[in-house]
Amino acid sequence: MSEKTFYIETFGCQMNVHDSEKVIGTLMAHGYEPVESPEQAGLVLYNTCSIRDKAEQKVFSRLQNFKREAGRGKIFGVLGCVAQQEGEKIFERAPHVSLVAGSASYPKLGQMLVQLEAGDRRVTGLSLDTEETFETAFTRRDNPHRAYITIIEGCDKSCAYCVVPFTRGPERSRTSDSVMAEARRLADAGYSEIQLLGQNVNSYRDPSPARWDFATLLARVAEVRGIRRVRYTTSHPRDFVREIVDAMDANPVLCDHVHLPVQSGSSRVLALMDRLYTRDDYMRRIEWLKTARRPYSVTTDIIVGFPGETEADFEQTLQLLDEVEYDSLFSFKYSPRPNTAALAMVGCVPEEEKQRRLAIVQEKQRAIQIRRNAELIGATREVLVEGRNQATQQWIGRTSDNRTLNFAGANGGSQLVGRYIPVRVTRSGPNSLVGESLLCSNENWGDSAHGS
């Protein structure tokens, strides 16, 4: 390898973002230095997502763009879900790639780097037969105030459209002692917000003799001194039990936000998807949240155009949006994925019809968000300050219920980032709020980053 510099581009969800933090930490521990662009790097890595075909296509497009660079000493690697899904076929599709490694292999990345440095042109890390799938010894945290903790890897569900069981393997939970020790280390290091991660985070089952379930773990992490906020993602409705809502109600450190993917409002389509719950089962969980002690922001995922979805099924999804009134959602057209049961299903929905249905969902949801956000005008919310928009000269904050609140009227310069301050909402839009800081200019907010 010509030089020990690297560039990594990440596709996909928070799990992938955190995986990249693990990779970056390992690379830097082995003497590699990050650079700002792939053109500057000796080692170029793409940490991939294969949930949607579009993300996969982007990766191979990136690789094609740099095909000529391989003969000049530059090394390319594909990591993550596409790597696990496609395996050594990537070497055939992109011969200039030298490293193909799934997420379960990251603890062994150091060994793979030695192979690359020795000139090996085909290095793989594709085994899912490992328990070493959690935090690496060298995780580099990209955000100085918010940190991720992986508590469970893989998935034991068999959703008909999903590749995760094939790319991440079966569910493997981390011991509660390990999670708690890391949460305390992060709090001691100054992190005030923790997000617990897993493909099905509330499927967590402590493998140690303590045998904690997810609700217990959630409650205990919220008790760690110095932690101001705790979030988690992503939940599976089948494993979202009442005890989780009870734990959230009992401790305001647990944020006022639940992401609960529904995918469809039709019980018939949910059965085709093999989601393991009905519309009524899902709505029972929504009722737990709507009748809880404090208000919760609820967000979701929707797939339109799944094989066999009729117009009547689609109308039930639209009715669900009206009934639940989500605070935001991620909506997608069904995308055929390899190794999934949906590939063999009949009743494929034409692409133009998928696009029509997606547009209708997005238009309806936009109207819901405009209305719900407008209801917050005049309210006061505590925000974690994340940065400053230089174009508008507004601070960027995030509320406990996961809304972006841009605001003015606060002094403190860059030291304001990472602090928690009160903001009154003055305006709203479909995707964010605008407000004015209620922080007095002479107020001592310097110690407000940590709870007691």
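This is a predicted model: local features need pLDDT of at least 70, side-chain atom pairs count only at pLDDT 80 or more; totals for chains, interfaces and linings use all residues.
Strand β1 covers residues 5–10 and is joined to β2 by two bridges, the two strands running parallel. Within this pairing, phenylalanine 6 has proline 34 of β2 as its bridge partner. Five of the six residues of β1 are buried, so the strand is largely enclosed by the rest of the structure.

Strand β3 contains threonine 48. This residue counts as buried because its relative accessibility is 0%, where the cut-off for buried is under 20%. Beyond its neighbours within four places in sequence, threonine 48 is in contact with Phe11, Asn16, Val59, Val78, Leu79, Gly80, Cys81, Val82 and Ala83. One polar atom of the threonine 48 side chain lies 2.9 Å from the backbone nitrogen of valine 82. Threonine 48 and glycine 12 are separated by 36 residues in sequence, while their C-alpha atoms are 6.8 Å apart in space.

**Nonpolar cores and phenylalanine 214**

In soluble globular proteins, nonpolar side chains tend to be buried together. The largest nonpolar core of this model has 69 residues, and those with the most contacts inside it are Ile151, Leu196, Phe214, Leu218, Val230, Tyr232 and Phe240. Helix α8 supplies the largest share of this core, six residues. Apart from it lies another core, of 20 residues, including Cys49, Leu63, Phe76 and Ala94.

Phenylalanine 214 contacts Ile151, Leu196, Val201, Asn202, Tyr204, Arg205, Tyr232 and Ile244, when its neighbours within four places in sequence are left aside. The list includes asparagine 202, whose surroundings are described next.

Asparagine 202 is placed in the loop between β10 (193–197) and α8 (214–222). With a relative accessible area of 2%, asparagine 202 is buried. Residues up to four places away in sequence excluded, asparagine 202 touches Phe214, Thr234, Ser235, His236, Asp239, Phe240 and Ile244. Its side chain makes a polar contact of 3.4 Å with the side chain of serine 235, and the asparagine 202 side chain also reaches the backbone nitrogen of histidine 236 at 3.2 Å.

Among the residues touched by asparagine 202 are Thr234 and Asp239. Threonine 234 is found in the loop between β11 and α9, and a cis peptide bond, with omega about 0 degrees, joins threonine 233 to threonine 234. Aspartate 239 is placed in the loop between β11 (229–233) and α9 (242–250). The relative accessible area of aspartate 239 is 16%, so the residue is buried. Aspartate 239 touches Lys157, Asn202, Ser203 and Ile244, not counting residues up to four places away in sequence.

**Helix α13**

Helix α13 spans residues 351–374, 24 residues in total, and reaches 35 Å from its first C-alpha to its last. This is close to the 34 Å expected at 1.5 Å a residue. The buried residues of α13 are Glu353, Lys354, Arg357, Leu358, Val361, Gln365, Ile368, Gln369, Arg372 and Asn373. An α-helix has 3.6 residues a turn, so residues three or four places apart point the same way. The cover over the buried residues of α13 includes β13 (297–304), α12 (311–324), β14 (328–333), β18 (420–428) and β19 (433–437).

Aspartate 274 is found in the loop between α10 (267–273) and α11 (279–290), whereas glutamine 393 is found in the loop between β15 (380–389) and β16 (394–399). The table gives the relative accessible area for each.

| Residue | Relative accessible area | Class |
|---|---|---|
| Aspartate 274 | 28% | partly exposed |
| Glutamine 393 | 40% | partly exposed |

Conventions:
Residues are numbered from 1 along each chain as its sequence is written. Side-chain values use heavy atoms; hydrogens and water are left out. Helices (H or I, at least four residues) and strands (E, at least two) are DSSP runs, numbered from the N terminus. The expected span of a helix is 1.5 Å times one less than its number of residues. Buried means under 20% relative accessible area, exposed over 50%, partly exposed in between (1.4 Å probe, protein chains only). Contact means heavy atoms within 4.5 Å. A polar contact is a pair of N or O atoms within 3.5 Å; within protein, one must be able to donate a hydrogen and the other to accept it, and residues adjacent in sequence count only if both atoms are side-chain atoms. Two strands pair if DSSP finds at least two bridges between them. A nonpolar core is a set of buried Ala, Val, Leu, Ile, Met, Phe, Trp, Tyr and Cys residues joined through side-chain atoms within 4.5 Å.
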